[in-house]
Amino acid sequence: MLRSRVLLAGLCVPLLAATAAGFQEWKSGIKWQEPEIVTPGETAAAPPSDAIILFGGTDLSAWEGGDKWKIEHGVATVNGGTIKTKQSFGDCQVHLEFRTPAEVKGSGQGRGNSGLHLMGQYEVQILDSYDNTTYYDGQASAIYKQSPPLVNASRPPGTWQTYDIVFEAPRFDENGALVRPAYVTVLHNGVATQVHQEILGGTAWHKPPSYDSTAEKGPMTLQWHNNPVSFRNIWVRELDLDRGEEYPDA
């Protein structure tokens with residue numbers, strides 16, 4: 001095996017990695033908590049051990065209004081009315097699987113339309129965007145009316161698709177002023193379509209985005225948009241993103 005060599009004081013010696021001798025360890029000054037142990041699911045889509053199951057195939061009891069939707073063969077299908085989680089969430093990881101109708105009816109926003117509203121305010125668009133022209137910030141996995149997806153990763157209608165979402169809730173000070181906006185990362189069918197994308201405020205269709213609420217947690221909603229979109233395997237993990245504390249000054 002060849003070794004690199006340097007000329008030092010007239011002698012040819014091996015170039016060795018620097019050792020810790022003569023150096024002082026750098027420390028961040030932050031007291032970290034020990035990471036909790038989480039058992040991953042058997043597959044990438046299966047819920048890990050700390051997940052909260054929002055729909056596992058049998059009922060929508062975790063949602064308000066879920067009794068209106070149709071549940072059959074482990075699948076929940078929109079059947080009139082938007083549904084809302086009974087629990088509120090802030091920073092979180094969300095997994096859901098959706099399927100737009102195999103029989104294509106309508107076009108643009110009238111085709112396979114639904115949406116996941118994080119905290120009830122910030123919509124990740126659900127749409128049949130396979131060979132379907134519409135405005136770019138209204139495509140599947142867009143942050144509605146704010147940020148088009150980086151790419152269109154949609155599968156054909158009638159096939160199952162996945163969203164894996166990491167959401168960072170906004171932060172406000174004691175006077176209600178925005179300290180940090182919300183951010184979202186979205187993988188659509190395993191493809192990154194939003195990467196730490198800043199959310200400018202609520203994602204309304206009829207007005208510019210703004211932070212009208214100072215809440216840092218809120219229920220999620222799945223939208224009814226007159227299209228029979230189906231869902232399965234929905235789970236969420238609450239995230240502790242504000243970890244660690246600085247050591248007090250010596």
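Reader: What share of the residues is buried?
Author: Buried residues make up 40% of the 250 residues in the protein chain. Buried means under 20% relative accessible area, exposed means over 50%, and partly exposed lies in between, with a 1.4 Å probe and protein chains only. The model is predicted: local features need pLDDT of at least 70, side-chain atom pairs count only at pLDDT 80 or more, and totals for chains, interfaces and linings use all residues. Residues are numbered from 1 along each chain as its sequence is written, and side-chain values use heavy atoms, with hydrogens and water left out.

Reader: How many helices and strands are there?
Author: The protein chain has zero helices and 19 strands. Both are DSSP runs numbered from the N terminus: helices are H or I with at least four residues, strands are E with at least two.

Reader: And what is the radius of gyration?
Author: The protein chain has 24 Å, whereas a compact globule of 250 residues would have a value near 18 Å. The radius is taken over C-alpha atoms, and the globule rule is 2.2 Å times the number of residues to the power 0.38. Along its principal axes, the C-alpha trace spans about 85 × 50 × 35 Å.

Reader: Turning to the sheet with E17, what is its strand order?
Author: Five strands form an open sheet in the order E5-E8-E17-E10-E11, with antiparallel pairing. Strand E5 (63–64) and strand E11 (122–126) stand at the edges with a single partner strand each, so one side of each is left without a neighbour in the sheet. Two strands pair if DSSP finds at least two bridges between them.

Reader: How many bridges join E10 to E17?
Author: Two bridges join E10 (residues 114–118) to E17 (residues 218–222). Leu116 stands opposite Leu222 in E17.

Reader: What about E15 and E16; in which sense do they pair?
Author: E15 (residues 182–188) and E16 (residues 191–199) pair in the antiparallel sense over six bridges. Val186 has Gln194 in E16 as its bridge partner. Two residues lie between the strands of this hairpin, where Asn189 takes a positive phi near 55°.

Reader: Where is Pro209, and which residues does Pro209 touch?
Author: Pro209 is in the loop between E16 and E17. Not counting residues up to four places away in sequence, Pro209 touches Gln146, Leu200, Gly201 and Gly202; contact means heavy atoms within 4.5 Å. The C-alpha atoms of Pro209 and Gln146 are separated by 8.0 Å, with the two residues 63 residues apart along the chain. Pro209 is partly exposed, with a relative accessible area of 31%.
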